[in-house]
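Hi,

Here is the structure I promised to pass on to you.

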Amino acid sequence: MLGDSTTVGVGDPVRGGWRGVGALLAAAFPGARYLNPSVQGARVASVRFEQLPAALRARPDAAVVLVGMNDTLRSDFDPVRVHEDLDAIVGELAAVGARVVTVRFHDHSRVFRLPGPLRRALSARVAELNAVIDAVVRRHGVGCVDLDLMDGAYSLDTWAVDRLHPSELGHRKLAKAFAERLAEQGCEVVAPVSLVCTGGLKITPLHHAAWLLFKGIPWLWRRGRDFLPYAATIVYRSWVGQEAPQQPVEAFRRTS
């Protein structure tokens with residue numbers, strides 16, 4: 001399991017830490033060795049250079065890669081560089097015989113409410129990221145879960161208190177979707193992932209209020225400052241009637 005805070009398990013709190021999609025998916029394959037070097041805040045490059053070597057040493061039969069949203073929120077976002085890194089990650093995993101599954105992302109602004117300029121800017125970035133992911137998936141023929149089409153993708157019970165990470169139910173839905181994609185590639189799912197929530201900590205309205213005050217507003221301020229120049233560009237182009245610049249899909253295709 002390679003990725004960022006989602007694959008760490010953030011949003012599915014249990015006694016002693018996080019559980020999340022990785023542990024829930026691993027339980028579908030009793031007896032399998034489970035490796036999860038994921039790190040909160042990871043970007044695609046850090047997965048390639050920091051997490052991938054550990055995964056390759058394990059000679060995995062299956063691998064899940066969920067990363068990219070942290071890149072979209074940074075001022076130095078470069079879809080060509082993201083493509084190079086993601087293509088290397090998926091390609092090297094496939095080269096050692098792993099069945100690989102990744103994701104294409106949903107519209108976060110439909111879950112996490114943002115001011116109009118930030119919402120339009122984020123949607124444009126996610127579209128560029130998804131174009132990268134589509135190109136990598138086509139090139140290597142790996143599995144992909146489209147989060148935009150996942151059942152309940154925009155239901156609040158799918159999301160944790162921060163509306164950025166899946167809730168326990170959301171993690172279970174992710175694990176179930178990953179298991180289905182792995183099964184399509186020949187992996188035997190011994191114990192299907194249940195969507196019945198058990199064991200997670202109950203989230204109360206007080207948790208929501210505390211998160212907004214101590215985490216949400218500071219996070220929005222930090223990310224807004226980093227993201228604001230791009231958002232301003234989106235607003236200006238909208239005002240003058242220009243489309244936001246995007247890399248064509250062809251830009252992410254390598255020649256043989």
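Below is what turned up, starting with the sheet.

One thing to keep in mind: this is a predicted model.

The sheet is an open one, built from 4 strands in the order S1-S4-S5-S6, with parallel pairing. Strand S1 (2–3) and strand S6 (143–146) stand at the edges with a single partner strand each, so one side of each has no neighbour in the sheet. Further in, S4 and strand S5 (residues 99–104) are paired in the parallel sense over 4 bridges.

Next, the second largest pocket. Its volume is about 600 Å³. It is lined by 22 residues, and the closest to its centre are Arg33, Tyr34, Pro60, Asp61 and Ala62. Helix H2 (20–26) and strand S4 (62–66) each give at least two residues to the lining.

Last, the salt bridges. A search of the whole structure finds 12 of them. One to look up is Arg48 with Asp85, whose closest N and O atoms are 2.8 Å apart. Arg48 belongs to helix H3 (residues 44–57) and Asp85 to helix H5 (residues 79–95), so this pair ties together parts that lie 37 residues apart in sequence.

Cheers

Note on methods: Residues are numbered from 1 along each chain as its sequence is written. This is a predicted model: local features need pLDDT of at least 70, side-chain atom pairs count only at pLDDT 80 or more; totals for chains, interfaces and linings use all residues. Side-chain values use heavy atoms; hydrogens and water are left out. On a 1 Å grid over the protein atoms alone, a cavity is a set of points where a 1.4 Å probe fits but cannot get out, and a pocket is an open set with protein on both sides within 12 Å along at least five of seven lines; lining residues have an atom within 4 Å of a point. Grid points are joined across faces, edges and corners, and a volume is the space filled by probe spheres set on the points. Two strands pair if DSSP finds at least two bridges between them. A salt bridge is a side-chain nitrogen of Lys or Arg within 4 Å of a carboxyl oxygen of Asp or Glu.
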